[in-house]
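I opened this entry to record what I looked up in one model.

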Amino acid sequence: MASSYLAGFGHNIVLVLLIVGCDGRPLYPLPSKLVDRDRMPLQTSRPYNIAHRGSNGELPEETAAAYMRAIEEGADFIETDILASKDGALVCFHDVILDLTTDIAQHKEFADRRKTYEIQGFNITGWFIVDFKLEELKTLRVNQRRKFKIISFEEFIAIALDAPRVVGIYPEIKDPVFINSHVKWAGGKRFEDQLVATLNKYGYGGSYLSEDWLKQPVFIQSFAPTSLIYLSNLTNSPKILLIAGITFPTQDTNQTYWEITSDSYLSFIKQYVVGIAPAKDSVVPAVNGYLQTPTDLVAKAHAHNLQVHPYTYQNENQFLHFNFHQDPYAEYNYWINKIGVDGLFTDFTGSLHDFQEWTSRLSG
């Protein structure tokens with residue numbers, strides 16, 4: 001059970017401190033300050049429990065509290081979206097605009113920063129993360145009682161490395177085309193270079209399941225194939241191609257879903273990635289809330305020795321297909337034991353962990 005992982009964590013105290021927050025230094029140690037110690041290794045015998053933006057079914061996404069809760073509940077990996085601020089700092093945030101999930105509209109001092117940019121062919125108006133320095137972003141609060149701060153990528157890494165057991169990280173390099181066109185780094189470096197430099201700084205590296213990787217596991221993910229190919233020249237850390245729904249083209253190469261899930265494309269991209277992460281309804285379509293016949297995407301990917309990590313699994317009734325009768329455990333059972341996926345992005349880390357613990361006892 002998840003509680004078996006908590007020895008020595010002091011999680012309740014730390015979680016309260018993270019939620020309350022302060023304006024000084026982080027209330028968790030930076031990774032460079034940590035002391036090496038023996039920790040329970042990452043499990044590799046069952047599909048990975050990937051905490052989608054933290055345990056964001058319980059706490060606001062991409063916040064320190066959500067990541068701490070996910071670790072407490074048994075996540076194998078904590079997943080985050082990486083964007084960049086105006087001054088080039090890497091931050092954990094999902095949207096390129098700040099309007100939807102922060103109190104930016106209440107900050108009158110930033111009223112003149114509202115702009116319109118073109119993103120993937122659409123004109124979007126709002127307050128964009130690329131127009132704010134990190135110290136300015138730190139003055140904002142993520143919605144839900146205004147207690148939660150935006151955290152940096154380094155602070156996110158600190159949370160993973162300070163866990164009482166080995167917990168992997170699963171960063172997405174978010175909207176690299178947009179970020180590279182609006183944020184400039186010294187020496188002509190790109191967004192991807194900064195991500196890898198940060199990972200290297202804190203000891204992340206090594207091919208999938210290598211000794212180095214198992215000590216500090218990481219998957220790097222992106223919807224942009226060219227970004228993943230560029231990253232492959234910088235690091236041998238495993239990479240995952242994110243695949244949107246069937247109506248969405250790739251953001252950089254404008255390829256269709258059907259193109260990037262073809263045998264020929266999977267044969268090509270496997271030179272650069274170890275797996276794919278498709279939207280789950282593209283793996284098993286649904287009509288009027290009922291699942292239909294599964295596609296052959298998982299079988300095709302496995303034939304190319306690629307892992308499959310679908311997204312996103314959610315406990316709320318409105319997200320559960322009628323086939324599962326409002327039971328998230330039935331959904332997990334279907335995807336793990338019938339579809340045969342290798343990892344699951346979930347908003348409710350604890351429920352997936354509980355399901356896997358219970359079923360592993362039964363099968364043992």
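My entries follow in the order in which I made them.

I am working on a predicted model, where local features need pLDDT of at least 70, side-chain atom pairs count only at pLDDT 80 or more, and totals for chains, interfaces and linings use all residues. Residues are numbered from 1 along each chain as its sequence is written, and side-chain values use heavy atoms, with hydrogens and water left out.

I looked up the largest pocket and noted a volume of about 1100 Å³. For a pocket I used an open set of points on a 1 Å grid over the protein atoms alone, with protein on both sides within 12 Å along at least five of seven lines; a lining residue has an atom within 4 Å of a point. Grid points are joined across faces, edges and corners, and the volume is the space filled by probe spheres set on the points. The lining has 35 residues, and Gln120, Lys174, Asp175, Phe223 and Gln251 lie nearest the centre. Two or more lining residues come from each of β2 (77-84), β4 (115-119), β5 (122-126), α5 (176-182) and β9 (239-243). Helices (H or I, at least four residues) and strands (E, at least two) are DSSP runs, numbered from the N terminus. Helix α5 gives the largest share, 3 residues. I sorted the lining by class and got 17 nonpolar, 10 polar and 8 charged residues. Here Ala, Val, Leu, Ile, Met, Phe, Trp, Tyr, Cys and Pro count as nonpolar, Asp, Glu, Lys and Arg as charged, and the others, Gly among them, as polar.

**Cavity.** I then asked how many cavities of 30 Å³ or more the structure holds. The count is 1. A cavity is a set of points where a 1.4 Å probe fits but cannot get out. The largest cavity holds about 60 Å³ of space, and its lining includes Glu61, Cys92, His94 and Lys149. By class I have 4 nonpolar, 2 polar and 3 charged residues for this lining.

**Helix α13.** I checked the length of α13 (residues 328-339): its 12 residues should span 16 Å at 1.5 Å a residue, and the end C-alpha atoms are 15 Å apart, which agrees. The expected span is 1.5 Å times one less than the number of residues. At the start of α13, a side-chain oxygen of Asp327 comes to within 2.9 Å of the backbone nitrogen of Tyr329. Just after α13, Gly340 has a positive phi of about 80°.

**Salt bridges.** I counted 14 salt bridges, each a side-chain nitrogen of Lys or Arg within 4 Å of a carboxyl oxygen of Asp or Glu. Lys174 pairs with Asp81, with 3.7 Å between the closest N and O atoms. This pair links distant parts of the chain, 93 residues apart: Lys174 is in the loop between β7 (168-173) and α5, and Asp81 is in strand β2. Are these two partners buried or exposed? Lys174 counts as buried because its relative accessibility is 10%, and Asp81 is buried at 1%. The cut-offs are under 20% relative accessible area for buried and over 50% for exposed, with partly exposed in between (1.4 Å probe, protein chains only).

I also looked up Asp131 and Lys115, whose side chains meet at 3.7 Å, N to O. Asp131 counts as buried at 10% relative accessibility, whereas Lys115 is partly exposed at 36%. Last, I noted that salt bridges with shared partners join Arg53, Glu61, Asp81, Glu172 and Lys174 into one network.

Methods:
Polar contact = N/O pair within 3.5 Å; in protein donor to acceptor, adjacent residues only side chain to side chain.
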